[in-house]
Amino acid sequence: ICIVNTGFHDMAIQNITDYTFVQNVEWYFHILKDSCQKIVWIEITDVATKSYNQQTLRLKKWNDMIFEKTKELDYVWVVRLFDALKSIKHEDNVHMHSSWYSALNKMLLNAIIPETTSLDNRSCSWTPKNNKGIVISSTGNEECKKILPKIVQNHTKVLFLGDSTVWRLFRAYSTPHCQAQKTIHTSRCNWIENFGMKRLPVWTPPEAKVEGPVFYGKTHPFCTDCSGCDSEFRTNVVYKSSCVHQNYIAVEFARDVEMQTTVGNTTQESLAYFLSLHDPHDICIVNTGLHDMAIRNITDYTFGQNVEWYLNILKDSCQKVVWIELTDVATQTYFQTTPRLKKWNDMIFEKTKELDYVWVVRLFDASKSIKHLDNAHMDSSWYSALNKMLLNAIIPVVPL
């Protein structure tokens, strides 16, 4: 948010016309657009006397003109307060009493930054109903629709980050993708090149007990363990009222060295560099854990540290992060076991209490009664209903 005001000094420019001032403000807004996700324009306040360049009638006129101009700028909000000033004490001709600024500051920050210090305000339990293990769509959504962060602007970017479970969630899209002039696709072994980076000359194997990869990616440098995690990243998007700009990038671990590049020694650092070349995403929907649990002898503590490190890396490119809990598995015959999955979910839930930009969707318990396609993947109805709930909760203006 950028909170902006000008006008008092502009009115002292000799012979400046009303039209010129408005053109100047519009030009100024466009300059700010790349650096300010949203702009809150504060109206010009009234003056105490009529003996200077600033006159009440012209101040009111300029406020009204800027108000009309901002109707064309969907990234600008306006706080109208000129009329409220007539009963407020001034300290001098242009400056209000200190109580005015104190109250206005408190109102603005409370309005644009709702209290989110408690994770109670940043976590929800998704509890869909099911019929013989098949999720009944649009059930159990109420709590998450209330809690998850809301994006109410016209141009919304959502990034899905994760393994094949998140890929399935992304592919189960419930609202159309926006058309793009270019879509970057990656498969198992061209992630680096297709995202415009260069491989390191020599690939360094992962640190034992700490990071991935563990299978295919370990024996095939610069490739993913996952065979079905094909990234899709759209650029130069054409926004329409019925679409959402949605991207997916394959990231299987909280920390891994699959994608070692000249700009990052880990996949996560290379990802951060690539994302820094693009406008931030409003929401990043993130999950890891199933692949991390296959890292031989990784401790619970190390996984927790890796997740916190990863989330902090994402902070500059994701306005808000929605962490999706790990789902249960169908059997106990692989690296992933029900007790440890639950433990890791609970641990990350506690960890995110320290991270006020992260929301958590708790769904592990609900996943126990849902049909699985295999050991790790849920029935398609699960991903379809979850995708619909998430997009409907965070983008309430999008018809689903």
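**Charge pairs, sheets and surface**

A: D300 is buried, with a relative accessible area of 16%; buried means under 20%, exposed over 50%, partly exposed in between (1.4 Å probe, protein chains only). This is a predicted model: local features need pLDDT of at least 70, side-chain atom pairs count only at pLDDT 80 or more, and totals for chains, interfaces and linings use all residues. Residues are numbered from 1 along each chain as its sequence is written, and side-chain values use heavy atoms, with hydrogens and water left out.

Q: Which side chain meets D300 in a salt bridge?
A: That of K343, at 2.8 Å, N to O. A salt bridge here is a side-chain nitrogen of Lys or Arg within 4 Å of a carboxyl oxygen of Asp or Glu.

Q: What does D346 pair with?
A: K342, again in a salt bridge of 2.8 Å, N to O. They are 4 residues apart in helix α10, so about one helical turn separates them. D346 is partly exposed at 29%, and K342 is partly exposed at 38%.

Q: How about E72: how far is its closest O atom from the N of K69?
A: 3.8 Å, in a salt bridge. E72 counts as exposed at 54% relative accessibility, whereas K69 counts as buried at 16%.

Q: How many salt bridges in total?
A: The count comes to 20 by this rule. E43, K60, D64 and R80 are linked in a network of them.

Q: Switching to sheets. What is the strand order in the open sheet of 3 strands?
A: β1-β2-β3, with parallel pairing. Two strands pair if DSSP finds at least two bridges between them. The edge strands are β1 (2-4) and β3 (76-79), each pairing on one side only. Neighbouring strands are turned by 25° against each other on average, direction ignored. Axes are lines fitted to C-alpha atoms, for helices over the stretch in contact, and angles run from 0 to 180 degrees between N-to-C directions.

Q: How many bridges join β1 to β2?
A: 3. V4 stands opposite W41 in β2.

Q: Which strands does α1 lie across?
A: β1, β2 and β3, running at about 150° to β2.

Q: And β10, buried or exposed?
A: In strand β10 (residues 245-250), 6 of its 6 residues are buried. Both faces are covered: H245, N247 and I249 lie on one side, Q246, Y248 and A250 on the other. β10 pairs with β7 (residues 157-162) in the parallel sense over 6 bridges. G162 stands opposite A250.

Q: What do the buried residues of α5 pack against?
A: β7, β9 (232-238), β10, β11 (281-286) and α12 (380-394). In α5 (residues 164-171), S164, T165, V166, L169 and F170 are buried.

Q: Last one. Which residues does N141 contact, leaving aside neighbours within four places in sequence?
A: W126 and M389, where contact means heavy atoms within 4.5 Å. N141 is buried, at 10% relative accessible area. It lies in the loop between β6 (134-135) and α4 (142-147).

Key:
Helices (H or I, at least four residues) and strands (E, at least two) are DSSP runs, numbered from the N terminus.
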